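Welcome, and please open your viewer.

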Amino acid sequence: NYHLSAGSKVRIRDGQAFVGKSFECGDLTGGATLVVESIDPLGAIQKGVSAGGNIRVTTQTFRLGSTIVYGAAARQLIGIGHPAGTGVNCVIENSYGVEVCAAASTLIIGGNLEILQGSLLVTANNLTIRGNLLLSGGSLNLNSTQLTSSVTLTVDGRTDLSGADMQVSSSDLNNSANAIFVVNGDFAGNH
C-alpha cells in the first residue's frame with residue numbers, strides 16, 4: 001500500500017513503479033503532487049497490477065486537489081488509467097510532448113489542465129476538461145487530419161490562452177473528420 005500525504009510531491013522515473021494493492025494520492029485534508037515519467041505506450045498511469053507505467057496497483061485513489069505532472073525527458077502518453085476524479089489536476093511539463101493515447105475513447109481530466117512546457121496532442125480521442133484549460137507555455141494541438149471520425153475537445157471551465165498557442169486542424173482531402181472545440185466557460189487570451 002502506498003500513500004502520498006497531502007502537500008507532498010513525489011517524482012517516479014521511467015522504469016520505476018508503485019506496485020501492489022493500493023495507491024492513494026493525497027488524503028481528506030488535501031491533494032498531493034505526483035510527477036510521472038513513464039514512457040509506456042499505454043500511458044504513464046494504467047489500471048491493474050500487471051499493467052505498465054508508473055502506477056501498477058489494484059486500487060488507485062486520487063484525492064481532490066491532487067496534481068499529476070507529465071514530466072519525462074521523452075515523449076509520453078496519457079492513457080485510460082489517468083484518473084477522471086473531480087478536482088484532480090493535470091500539468092504538462094514535458095518539452096518532448098504528451099499525446100492522448102488511443103486506448104481511451106474519451107479522456108476526462110476532472111480538474112484543471114495546465115500546459116507549462118511542450119505540447120499536448122489530441123488526435124485519435126476526445127478530451128474533456130472539467131476545470132480550466134490554462135496554456136501558459138507550450139501548445140495544444142487538436143488534429144483530425146488523419147482520421148475518418150471527429151475529435152472533440154470540451155472545456156467546462158475557463159479557457160486561457162495567454163501564454164501559448166492552440167492549433168485546431170480539421171479534415172483534409174483524404175477523410176471526412178472534424179476537429180471540434182467546445183468551450184462551456186469563459187475564453188481569454190491574446191491569440
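pLDDT is the predictor's confidence in each residue, on a scale from 0 to 100. You are looking at a predicted model, so start by colouring the chain by that score. The average over the protein chain is 87, and 90% of the residues reach at least 70. Now pick out two strands: strand 6 has the highest mean pLDDT of the chain's elements, at 98, while strand 18 (residues 165-169) has the lowest, at 72. Keep one caution in mind: coordinates predicted with low pLDDT should not be read in detail.

**Charged pairs**

Side chains of opposite charge can pair when their charged atoms come close. How many salt bridges does a search of the whole structure find? The count is 5.

Glu24 belongs to strand 3 (residues 18-25), whereas Arg63 is in the loop between strand 5 (55-62) and strand 6 (67-70), and the pair links distant parts of the chain, 39 residues apart. Glu24 is partly exposed because its relative accessibility is 21%, and buried would mean under 20%. Arg63 is partly exposed as well, at 27%.

Move on to Arg75 and Glu99, whose side chains meet in a salt bridge with an N to O distance of 3.7 Å. Arg75 sits in the loop between strand 6 and strand 7 (76-78) and Glu99 in strand 9 (residues 98-100), so this pair ties together parts 24 residues apart in sequence. Arg75 has 36% relative accessibility and is therefore partly exposed.

Next, select Arg130 and Asp156. The closest N and O atoms of this salt bridge are 3.1 Å apart. Here two loops are linked, 26 residues apart: Arg130 lies between strand 13 (126-129) and strand 14 (133-135), and Asp156 between strand 16 (151-155) and strand 17 (159-160). Arg130 is partly exposed at 44%, and Asp156 is partly exposed at 27%.

To finish the charged stops, show Arg11, Arg13 and Glu37 together: a network of salt bridges links these residues.

**A stop in strand 17**

Finally, select Thr159, which is found in strand 17. Is Thr159 buried or exposed? Its relative accessible area is 0%, so Thr159 counts as buried. Show its neighbours too: leaving aside residues up to four places away in sequence, Thr159 touches Leu133, Phe181, Val183, Asp186, Phe187 and Ala188.

Note on methods:
Residues are numbered from 1 along each chain as its sequence is written. This is a predicted model: local features need pLDDT of at least 70, side-chain atom pairs count only at pLDDT 80 or more; totals for chains, interfaces and linings use all residues. Side-chain values use heavy atoms; hydrogens and water are left out. A salt bridge is a side-chain nitrogen of Lys or Arg within 4 Å of a carboxyl oxygen of Asp or Glu. Helices (H or I, at least four residues) and strands (E, at least two) are DSSP runs, numbered from the N terminus. Buried means under 20% relative accessible area, exposed over 50%, partly exposed in between (1.4 Å probe, protein chains only). Contact means heavy atoms within 4.5 Å.
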